[in-house]
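Open the model in your viewer and get ready to select residues by number. We will go stop by stop.

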Amino acid sequence: NIFFSNGGNNVRNDVWLSLKTTLNAGRIAGFWKDFNFYYEYLAPKFFTQYDNENYREYWTTNAHSVGAGGKIPINVSKNFRHGIGVELGYFWMKGNITNIGGGTVDWDGINFNFEYFAGVPSCRYPFELFVNLGIYHNFSTNLRFFTRYPNYNDINIGKTHMSVSLGIRYNLLNTAFDN
């Protein structure tokens, strides 16, 4: 994952890993078989850098997201399956400057995920590849980094931020243990 939206001149991020688990509630409840609930843990790698300075502050940030959504298959055959997925959820994020007290970030809001997925729906290869566009938004509070650096105590970078993710999904329901 990586945020690619407004980071201002002083906040940047590097690529980070996330872990997402999904419960296929549609199959369990007997309706829309691709409806799901999800939980995602993200660990964004933010750093703040200041004008005309080579000094960087790295942030330890933890974010969580929960929500619901579903997949809409475009094509399903014995050898190939692909489609789009949409999810709506709630996220919260907290962080501080790594190994230094005094810097904080605390933000929450809604998130919307739109993805394209493709895979082979068989017991032999129960994997899907996906590309996801995530939108993180808070209607009333901006994402703000409170640093301890003079003249940059409050770096305000706005209410809406986007991320892009590339990943592999392992589908337990398509394993050899599925009935």
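**Stop 1: a cavity and its lining**

Select Phe3, Leu42, Pro44, Ala63, Phe91, Met93, Trp107 and Tyr136: these residues line the second largest cavity. Keep in mind that this is a predicted model. The volume of this cavity is about 50 Å³. What classes of residue make up the lining of the second largest cavity? There are 8 nonpolar residues, with no polar and no charged ones. In the structure, the count is 2 cavities of 30 Å³ or more.

**Stop 2**

**Stop 3: aromatic pairs**

How many aromatic pairs does a search of the whole structure find? The search finds 16. Start with Tyr50 and Tyr152. Their rings are 5.0 Å apart, centre to centre, with 50° between the planes, and the pair is tilted. Tyr50 lies in the loop between β5 (45–49) and β6 (56–76), and Tyr152 in the loop between β10 (144–146) and β11 (154–156), so this pair ties together parts 102 residues apart in sequence. Is Tyr50 buried or exposed? Tyr50 is buried, at 2% relative accessible area.

Next, select Trp59 and Phe145. This pair is edge-to-face: 5.1 Å centre to centre, with 80° between the planes. Trp59 belongs to strand β6 and Phe145 to strand β10, so the pair ties together parts 86 residues apart in sequence. Trp59 has 5% relative accessibility and counts as buried. Phe145 is buried too, with a relative accessible area of 0%.

**Stop 4: charges over rings**

Select Lys20 and Tyr38. Lys20 lies over the face of Tyr38, 4.5 Å from the ring centre. Then move to Lys71 and Phe117. Here the charged end of Lys71 sits over the ring of Phe117, at 4.6 Å from its centre.

**Stop 5: two asparagines**

Where is Asn99? Look in the loop between β7 (81–97) and β8 (104–119). The phi of Asn99 is positive, near 60°, and this residue is not a glycine. Asn99 is exposed, with a relative accessible area of 78%.

Finish at Asn151, in the loop between β10 and β11. Tyr152 from Stop 3 lies in the loop between β10 and β11 as well. Asn151 also has a positive phi, about 70°, although it is not a glycine. Is Asn151 buried or exposed? Asn151 is exposed, at 76% relative accessible area.

How values were computed. Residues numbered from 1 in each chain as written. Predicted model: local features only at pLDDT ≥ 70, side-chain atom pairs only at ≥ 80, totals over all residues. Heavy atoms only, no water. 1 Å grid on protein atoms, 1.4 Å probe; cavity = no way out; pocket = protein on both sides within 12 Å on 5 of 7 lines; lining within 4 Å. Points joined across faces, edges and corners; volume = space filled by probe spheres on them. Nonpolar A, V, L, I, M, F, W, Y, C, P; charged D, E, K, R; others polar. Phe/Tyr/Trp six-rings, centres within 6.5 Å; stacked < 30°, edge-to-face > 60°. Helix = DSSP H or I, 4+ residues; strand = E, 2+ residues; numbered from the N terminus. Buried < 20%, exposed > 50% of the residue type's maximum accessible area, 1.4 Å probe, protein only. Lys NZ or Arg CZ within 6 Å of the ring centre and 35° of its normal.
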